[in-house]
Amino acid sequence: MLLCRGIKESTMVQSIMTLLNVSVLIFVIVTGTYVGYQTGWQGYKQPGGYLPFGINGMLGGAATVFFSYIGFDTVASTAEEVKYPQRDLPLGIGLSLFICSSLYMAVSAVIVGIVPYQSMDPDTPMSSAFADNHLKWAMYVVAAGAVAALSTTLMGSLLPQPRILMAMARDGLLPPLFSKLNPATSIPVYSTVATGAAAAVLALTMDVDQLSGMVSVGTLFAFTIVGISVLIVRYVPPSDSSILVIHVPDPIPRPSPPPAAVQTQTAPKNNSKSETCTCSKHGTMVPKQEKVQRATTVHSPLLTKDSAELEKLQDQDRRSAAVLGIFCICVGVLLVSLSTSSTFIPRGVRWAMGIIGGIPLGGGTFILLLIPQDEARHKFGHSGGFLCPFVPILPIISIMINVYLLVNLEYSS
């Protein structure tokens with residue numbers, strides 16, 4: 001109901017709850033640091049050291065809690081409602097990611113340091129950590145922060161999804177009902193209600209561990225698709241014929257240019273002898289400008305047609321090479337991730353799988369580095385085309401990390 005009221009109302013409430021949540025996290029960091037120095041950081045004095053379950057165990061845990069980072073796409077999903085998106089979107093994503101990651105790491109370092117990991121209550125780790133150190137009054141503060149965190153998480157997760165459903169309905173992938181906006185609040189009410197109902201049913205019928213695993217899998221898979229999509233739209237975007245172009249009328253009337261026929265019918269000035277020449281075939285006097293125009297008229301279309309066909313063939317070869325490179329990268333990343341994470345497979349088979357996967361991965365990357373990118377030959381979205389920095393290295397690294405974490409999800413238990 002709050003999200004259906006409007007973006008300003010929900011943002012105000014969410015800002016208040018977020019401020020409360022951040023205050024509680026700072027309290028946990030400060031109080032936990034004091035307790036750690038008093039007790040000597042007992043949590044770090046473990047026989048297994050800092051990695052009791054090895055690298056795969058650490059990556060499995062990282063993949064499980066990956067759902068903590070799904071809220072940052074809220075900023076991008078609400079781009080239509082931002083006043084200055086080119087400035088505010090990157091700034092909002094970068095600052096929120098930096099602040100939240102710093103808080104995540106600081107809280108984790110403190111809680112694990114004051115209580116051994118095997119002694120923690122998996123349902124209430126922070127509350128039990130303070131209770132075990134005889135600070136039961138701090139449990140109530142942590143409980144208040146947990147309520148605030150749940151509220152902000154719910155609103156932050158339910159805010160972008162209706163906008164995604166609305167965009168899909170506009171493209172014809174969903175019924176038009178999901179694209180309807182409330183005339184008073186400009187909010188996709190039907191999409192918001194459907195998203196909230198689906199979230200309520202899942203929360204009621206499923207376990208928290210199952211939900212967290214599903215959300216992590218979905219998030220990692222979605223980020224993998226984003227990385228692959230960036231490579232596609234930069235090297236093999238859809239052609240102009242497959243894109244619906246919406247022509248927006250210019251609100252400012254502009255003077256129309258003079259017709260080409262009027263410009264070409266201007267009479268030449270015959271005040272110079274150099275303006276006439278003798279035609280070699282008939283021996284007649286022909287104006288020089290007319291001769292140039294005849295030559296241009298005869299030869300220009302052929303040259304233009306030949307160059308257009310040559311450019312089309314070159315573009316087809318480039319697109320075919322790009323498709324092959326992207327396919328090789330996907331296959332290579334999957335094989336390399338399986339070979340490095342599947343410890344149940346014999347060592348020799350894992351080495352062979354890694355070598356076989358490394359060849360197409362390196363080859364596909366080399367192909368994309370050699371061929372030129374699509375510099376707005378097909379206007380994808382706007383006149384400048386789709387732009388992304390550090391292509392293809394950044395999308396390939398993103399695909400590798402996401403697939404590697406997906407494969408290591410099995411070690412989270």
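## Starting with a serine

In which helix is Ser 127 found? Ser 127 sits in helix 6. This is a predicted model, and in it Ser 127 counts as buried because its relative accessibility is 13%, under the 20% cut-off. Setting aside neighbours within four places in sequence, Ser 127 is in contact with Met 139 and Val 142.

## How confident is the prediction?

The protein chain has a mean pLDDT of 79, with 80% of its residues at 70 or more. Among the elements of the chain, helix 13 (residues 347–370) has the highest mean pLDDT, 93, while helix 11 (residues 260–264) has the lowest, 44. Over residues 241–255 the pLDDT is below 50, and this stretch has 3 contacts in the model beyond near neighbours in sequence.

Residues 257–276 also make a stretch where pLDDT stays under 50. For these residues, the model has 13 contacts beyond four places in sequence.

## The nonpolar cores

The largest nonpolar core holds 17 residues, and those touching the most other members are Val 28, Val 107, Ile 111, Ile 114 and Phe 130. Two or more residues come from each of helix 2, helix 5 (85–114), helix 6 (125–132) and helix 7. Helix 2 provides the largest share of this core, with 6 residues.

Not counting residues up to four places away in sequence, Val 107 touches Leu 25, Val 28, Ile 29 and Met 126. Apart from this core lies another, of 16 residues, including Leu 231, Ile 329, Leu 368 and Ile 399.

## Helix 8 and its partners

Helix 8 covers residues 160–170, and its buried residues are Pro 160, Pro 162, Arg 163, Leu 165, Met 166 and Ala 169. What do the buried residues of helix 8 pack against? Their partners are helix 2 (7–39), helix 4 (73–77), helix 7 (137–158) and helix 9 (189–205). Just after helix 8 comes Gly 172, which takes a positive phi of about 85°.

## Two salt bridges

How many salt bridges does a search of the whole structure find? The search finds 2. One joins Asp 88 and Arg 87, whose closest N and O atoms are 2.8 Å apart. Asp 88 counts as partly exposed because its relative accessibility is 24%, whereas Arg 87 counts as exposed, at 54%.

The other salt bridge pairs Arg 318 with Asp 315, and here the closest N and O atoms are 2.9 Å apart. Why are Arg 318 and Asp 315 separated by about one helical turn? Both belong to helix 12 (residues 288–341), and they are 3 residues apart, so about one helical turn separates them. Are these two partners buried or exposed? Arg 318 counts as buried, at 7% relative accessibility, and Asp 315 is buried with a relative accessible area of 17%.

Methods. Residues numbered from 1 in each chain as written. Predicted model: local features only at pLDDT ≥ 70, side-chain atom pairs only at ≥ 80, totals over all residues. Heavy atoms only, no water. Buried < 20%, exposed > 50% of the residue type's maximum accessible area, 1.4 Å probe, protein only. Helix = DSSP H or I, 4+ residues; strand = E, 2+ residues; numbered from the N terminus. Contact = heavy atoms within 4.5 Å. Core = buried A, V, L, I, M, F, W, Y, C linked by side-chain atoms within 4.5 Å. pLDDT = per-residue confidence, 0-100. Salt bridge = Lys/Arg side-chain N within 4 Å of Asp/Glu carboxyl O.
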